Amino acid sequence: TKYVYRFGGGVSDGGKGDKNLLGGKGANLDGMASIGLPVPPGFTITTEMCTRYYDDGEVFPDSVRAEVANGIAHIEGVTGKKFGDASDPLLVSVRSGARVSMPGMMDTVLNLGLNDETVKGLAEVSGDPRFAWDSYRRFIQMYSDVVLELDHGSFEEALEIAKEDKGFNLDTEMGAEDWQALVATYKGLVEEQWGKPFPQDVNDQLWGATAAVFGSWQAERAKVYRRLNHIPGNWGTAVNIQAMVFGNMGDTSATGVAFTRDPATGERAYYGEFLINAQGEDVVAGIRTPQYLTKQARERAGAKPASMEEAMPETFAELARVFDLLETHYRDMQDIEFTVERGKLWMLQTRSGKRTAKAALKIAVDMANEGLITEEEAVARVDPAALDQLLHPTLDPKAPRDVLAKGLPASPGAASGKAVFDSDTAEKWAELGEDVILIRTETSPEDIHGMHAAKGILTARGGMTSHAAVVARGMGRPCVSGVGTLSIDAKAKLMRVGQREVKEGDIVTIDGASGEVMFGAVATVQPELAGDFGALMVWADKVRRLKVRANAETPLDCRVARDFGAEGVGLCRTEHMFFDAARITAVRQMILADTEKGRRAALEKLLPEQRADFTEIFEVMAGLPVTIRLLDPPLHEFLPHEEAEFAEVAAAADVSVDTLKRRAAELHEFNPMLGHRGCRLGVTYPEIYEMQARAIFEAACDVAAKSGEAPIPEVMVPLVATKRELELMKDVIDQAAQAVFAEKGRTIDYLVGTMIELPRAALKAGEIAEVGQFFSFGTNDLTQTTLGVSRDDAGRFLTTYVDKGIFPRDPFVSLDIEGVGELIWLAAERGRATRPDVKLGICGEHGGDPASIEFCEATGLDYVSASPYRVPIARLAAAQAAL
Ligand code: PEP
Ligand code: MG
């Protein structure tokens, strides 16, 4: 097996670049080299080597040592420098590069190849001893941290002391001798903490760094990141070893990061930051405030320091040309790292840029309109789950706000919550159901869990490409970064802004679109859903086969769903209507009655209320099918708890409180989810379903009479296990229909069908379809009953199950395709065999989950049904599934 692929200097061993083998970074370095862009020469050690490295017990095979030596020879050939050469040394960077980018998660070592001899050579050839010694101390510092894993803080401290001794404020004031002295101090620290001198052999350095990069794949923070992003642990990372180029060789040198389009808004404008006379990590670390790339961006921000366009016009023009080449080559927005070494531009990295949902949408639609990609590709490009960000409310521009400070609008969306100053607290409070805003001076990869738990993130330091900004955008969390006026005291759990103080637990609001930080909560408004969103949805609807319905039971939800493009109601859960304060007493009276007569008396009170519910829904959903599910929950859930509630029901039913209490005790169940619920209610108390059916048909007739357009009711029976149950219930429903039609003098077309929520129903679907005209897969219960895992209690152990790879995702969120999916597939087959036109849908939570929707498409279901806000997500996911 070949483990090393070279690139640069006219070579690209990887051809077009295979991301699985070379990792994202390696593949794209290869890709850039292949189209003739200026890439410093280097080579990639493959992800297969990483896997083998772990399989072999963390050792390197001899064959790879020879290949790496070849790779070094390649770099030497192109640069004319020699690795370890005391007169003109080659320096390299060693970086990780997994298949998908994991920003900030993995290790990097720069300036490798420096030692006590080569540093002198570097000073000589560069003509800049200060630069050479600064590079050497940076190298020792990074290597000690990443490879030797020594105490990072003691190195920082030594630097601070060195500056203090000289009375300096800034690193830039340090001269060659100062750095040289610091190198000696650092080497002392290494010996003290590591017990051995700093490695002088450049090959030892190289293998140490390579092992460290492979090692960082198994670091705790990388594991957490992978879990959150569903990245398999066996992918491994590649290692990229590349000639160093220097952005810190004076005022004609610079380093920067850029996006070919604005990653926050999607606007077609070069976007980025750069620093003159600096190395890459200075930009990302947010230590010095970077300058704008373009004049326009600088002017818009009202900033003073010259933009790159103004400071280095020629290099900027070349960079702009490279941006366009990259977009044409990769046909996507690119996120780039570059360095200018003494006026010469070098490309260090390109990858498809992370972007906000808003930008993803705009870029996809713009690129299709520009002819760079097709409409179908545009549909495929937008992550349905990311649309979520766009469909949620933003701050009401008219609401009063008490603005504390303003920072950078790093990730859009608005969030209010309790202020917390560390990630563990954020996680703890979020688990207790609190909305929290995580406030940090700056975030690091150790904060991932807190950022994930928080509703929003606020940092005092860091630019638009800082860790906080990049990670928040990826997670879809609102973020305001770089709020310079904040002073945060994490130990005391408070922050100060001028005279004002915010303590842990105080409510704050951040607006990731404007960068504003506010005291207290601020009202929000619904988003606008026209423009790019509308365009993409039109394209999605052109390719989509699956219909998309909504789970909705109030007229308001139905209206939202219709506005979002729902093609019907797939699940109207009638029990929610019963909890209404005005009705609950009658509902309880009905449940607690121990005779049919008593139940009917209560149901009579409920009939007009229920009819009014359906009338409104039919009106909103005119012309579209509405699936109404008859009463489902365990009676248990409706029982009174408090003395006053018992008294109220007793008065309504005209019985004693004691009688009621005895009856309530009789109704108590140990396992209500498997108890007296679903169609079992209808079988034992048919009058309940009779009343509901009557309400449906009366409402349908009334709406038809009034509007001239007949509603399309689909009456659904829950939790059926056998054909006989459905038969009995269908009789009750049909009889109610006939009675109402006779009274009203008109008929309405309707269907009677069942939910498939029990394994037995799935298995016997052939028989059940003899009676049922449609099936709706209730995958919440079907998952619960198939796995034998309680949907209400599973949270406690399911994360462990996902961590240990037993399930790839939480099966209540994303369908267990292998298990539950097989039952669905089987039921669909058997149902269709009996009744070829049996209508098939899904109405569990999975109906709004893109991976589950893909399965529904493959199984040939007719529709998916999701909560109103997820309807657009489902439309897009259904389109992607059809592509
Ligand atoms: C289901 O079980 O998937 C379903 C949609 O019904 P509910 O969630 O109301 O039990
Ligand atoms: Mg159910």
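Visitor: How do the residues of the shell around ligand 1 divide into nonpolar, polar and charged?

Guide: Sorting by residue type is a handy way in. Here two residues of the shell are nonpolar, four are polar and four are charged. (Ala, Val, Leu, Ile, Met, Phe, Trp, Tyr, Cys and Pro count as nonpolar, Asp, Glu, Lys and Arg as charged, and the others, Gly among them, as polar.) Keep in mind that this is a predicted model: local features need pLDDT of at least 70 and side-chain atom pairs count only at pLDDT 80 or more, while totals for chains, interfaces and linings use all residues. Residues are numbered from 1 along each chain as its sequence is written, while chains are lettered from A and ligands numbered from 1 in the order in which they are written.

Visitor: Which residues are around ligand 1?

Guide: A residue is near a molecule if its C-beta atom, placed from the backbone, lies within 6 Å of it. For ligand 1 that gives Leu571, Arg573, Asp632, Glu757, Gly778, Thr779, Asn780, Asp781, Cys843 and Gly844. (Helices, H or I and at least four residues, and strands, E and at least two, are DSSP runs numbered from the N terminus.)

Visitor: Is strand S17 enclosed or in the open?

Guide: Count neighbours. A residue is buried if 20 or more other C-beta atoms lie within 10 Å of its own, exposed if 12 or fewer, and partly exposed in between, with C-beta atoms placed from the backbone. In S17 (residues 414–420), seven of the seven residues are buried, so the strand is largely enclosed by the rest of the structure. Helix H33 (residues 795–803) makes a contrast: of its nine residues the number buried is zero, so H33 lies largely in the open.

Visitor: Which strands pair with S17?

Guide: Two strands pair if DSSP finds at least two bridges between them. S17 runs antiparallel to strand S24 (residues 507–511), joined by five bridges, and alanine 414 stands opposite aspartate 511. With strand S18 (residues 436–440), S17 pairs in the parallel sense over three bridges; there, valine 420 faces leucine 438. From S17 the chain crosses through helix H17 (residues 423–431) to S18 in a right-handed β-α-β crossover. (With the strands pointing away from the viewer, the path from the first strand over the helix to the second runs clockwise.)

Visitor: How many residues does the largest nonpolar core have?

Guide: It has 267 residues, and those with the most contacts inside it are Ala364, Ile437, Leu536 and Val864. Helix H28 (residues 686–707) brings the largest share of this core, eleven residues. (Such a core is a set of buried Ala, Val, Leu, Ile, Met, Phe, Trp, Tyr and Cys residues joined through C-beta atoms within 7 Å.) Setting aside residues up to four places away in sequence, leucine 536 touches Leu361, Ala364, Val365, Ala378, Val379 and Val382. (Contact is when two C-beta atoms, placed from the backbone, lie within 7 Å.)

Visitor: Where does aspartate 816 lie?

Guide: Aspartate 816 sits in the loop between H33 and helix H34 (820–834), and is buried, with 23 other C-beta atoms within 10 Å. Its C-alpha atom is separated by 7.7 Å from that of threonine 783, 33 residues apart along the chain.
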